[in-house]
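Let's take a walk through a protein model together, one piece at a time.

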Amino acid sequence: MSQPAIDLGRALAYGLDASLWARDVLDFQPDPWQEKLLRSTASQLILNCGRQVGKSSTIATLAVHGAIFEPDSLTILIAPTQRQSIELARKCIDVLQRIEPVEHLSEDAKTSIELKRNRSRIVALPGHDAKNIRGYSAPRLIVFDEAAFAADAVYEALLPMLAASPEGRIALLSTPFLNFGFFCEIWHGTGSWERYEVPSRDCPRISPEWLEARRLEDPVTFEREYCCKFSSGADTWFPDELLDRMVADEYELFP
Ligand SMILES: Nc1ncnc2c1ncn2[C@@H]1O[C@H](COP(=O)(O)OP(=O)(O)OP(=O)(O)O)[C@@H](O)[C@H]1O
Ligand SMILES: [Mg+2]
């Protein structure tokens with residue numbers, strides 16, 4: 001008789017604490033800042049991070065946790081290009097596959113994941129054009145990946161989705177880019193955002209030697225890509241790979 005009570009208690013604890021759920025169910029051992037984020041209840045989160053510290057995987061874990069524990073919920077994933085938002089959706093699928101078979105995903109799993117168990121949806125949208133993101137309402141979570149590389153108009157088009165969603169949350173995550181735009185302004189502003197600054201040197205999976213080699217190669221790029229520093233742009237040469245992250249070079253129309 002006591003077993004169901006224990007299971008119910010554990011299920012409740014998992015629902016309340018995404019960090020505990022990630023450790024126990026996904027075998028994901030979060031870094032301290034990842035643990036704080038997974039436990040946070042803030043409605044507005046902004047992450048200014050170095051490359052490869054784990055921002056997308058953490059937010060994918062948070063997105064899937066919410067989809068599982070809040071039936072019928074909608075999670076919006078957005079990034080400057082469709083390719084990037086699908087990449088984030090893939091991270092969500094990776095998390096889901098640890099829990100249930102892939103057949104539980106909808107056919108349109110590339111851009112929209114639907115959980116058969118509770119009809120929650122995770123939808124990946126391209127952020128290259130504000131027009132493409134209208135039509136969704138009351139999401140429980142909006143995730144904007146690589147937000148520093150997106151236009152202000154896209155952020156402005158996202159906000160009304162939360163108007164009728166008092167419990168709705170938004171998370172902006174990015175490596176920094178130029179010293180202007182909504183991501184930079186929110187980061188430096190006084191609004192009620194929970195802020196996370198995670199330079200790559202704080203990541204236990206990135207060696208100091210590797211970072212030092214990058215610093216010697218190109219100190220300006222190093223500051224921006226790995227040290228959470230926005231660039232003035234005046235003294236900066238932007239490699240093609242970086243410019244690729246800004247423009248909508250490939251996208252798919254939704255059915
Ligand atoms: N706590 C963790 N334990 C082990 N591996 C982790 C952890 N967090 C992230 N990783 C791994 O680190 C790698 C980078 O993670 P992720 O892609 O989320 O980083 P990112 O900050 O979004 O990178 P980018 O700057 O390229 O967008 C991935 O292989 C991910 O699985
Ligand atoms: Mg990422």
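## A helix on the inside

Let's start with helix α4, which is largely enclosed by the rest of the structure, because 13 of its 15 residues are buried. Keep in mind that this is a predicted model, so everything here describes a prediction. To count as buried, a residue needs a relative accessible area under 20%.

How far does α4 reach from its first C-alpha to its last? The answer is 21 Å for its 15 residues, close to the 21 Å expected at 1.5 Å a residue. If you're tracing it on screen, α4 covers residues 55-69. Here's a handy bit of background: an α-helix has 3.6 residues a turn, so residues three or four places apart point the same way.

In soluble globular proteins, nonpolar side chains tend to be buried together. In this model, the largest nonpolar core has 44 residues. The members that touch the most other members are L47, I59, V64, C92 and I113. Which helix gives this core its largest share? That's α4, with seven residues.

There's also a second, separate core. It has 31 residues, and I142, F144, A147 and I170 are among them.

## Around the ligand

Now find ligand 1. It has 15 residues around it, and the ones that come nearest are R51, Q52, K55, S56 and S57. Helix α4 turns up again here: with three residues, α4 provides the largest share of the shell around ligand 1. What kinds of residues make up that shell? Six are charged, six are polar and three are nonpolar.

Some atoms pair up across the gap. A polar side-chain atom of S57 is 2.4 Å from an oxygen atom of ligand 1. In Q34, an N or O atom of the side chain lies 2.9 Å from a nitrogen atom of the ligand. G54 uses its backbone instead: an N or O atom there is 3.1 Å from an oxygen atom of ligand 1. On its own, ligand 1 has 640 Å² of accessible area, and the protein covers 72% of that.

Are they buried or exposed? Q52 is exposed because its relative accessible area is 63%, while G54, at 14%, is buried.

R205 is 151 residues away in sequence, yet the C-alpha atoms of G54 and R205 are separated by 9.6 Å.

## Two positive phi angles

Most residues other than glycine have a negative phi. Q52 is not a glycine, but its phi is positive, at about 65°. C228 is another residue other than glycine with a positive phi, near 65°.

Where does C228 sit? Look in the loop between α9 (219-226) and α10 (240-244). C228 has 5% relative accessibility, so it counts as buried.

## Apart in sequence, together in space

T111 is in the loop between α5 (82-97) and β3 (112-114), and it counts as buried because its relative accessibility is 5%. T111 and I122 are 11 residues apart in sequence, and their C-alpha atoms are 8.3 Å apart in space.

Next, move to helix α6 (residues 152-158), where you'll find E156. D152 has its place in helix α6 as well. E156 counts as exposed because it has 53% relative accessibility, whereas D152, with a relative accessible area of 32%, is partly exposed. For D152 it's F183, 31 residues apart in sequence and 8.5 Å apart in space, C-alpha to C-alpha.

Conventions. Residues numbered from 1 in each chain as written. Chains lettered and ligands numbered in written order. Predicted model: local features only at pLDDT ≥ 70, side-chain atom pairs only at ≥ 80, totals over all residues. Heavy atoms only, no water. Near = heavy atom within 4 Å. Polar contact = N/O pair within 3.5 Å; in protein donor to acceptor, adjacent residues only side chain to side chain. Areas by Shrake-Rupley, 256 points an atom, 1.4 Å probe, with all protein chains shown as cover. Helix = DSSP H or I, 4+ residues; strand = E, 2+ residues; numbered from the N terminus. Nonpolar A, V, L, I, M, F, W, Y, C, P; charged D, E, K, R; others polar. Expected span 1.5 Å × (residues − 1). Buried < 20%, exposed > 50% of the residue type's maximum accessible area, 1.4 Å probe, protein only. Core = buried A, V, L, I, M, F, W, Y, C linked by side-chain atoms within 4.5 Å.
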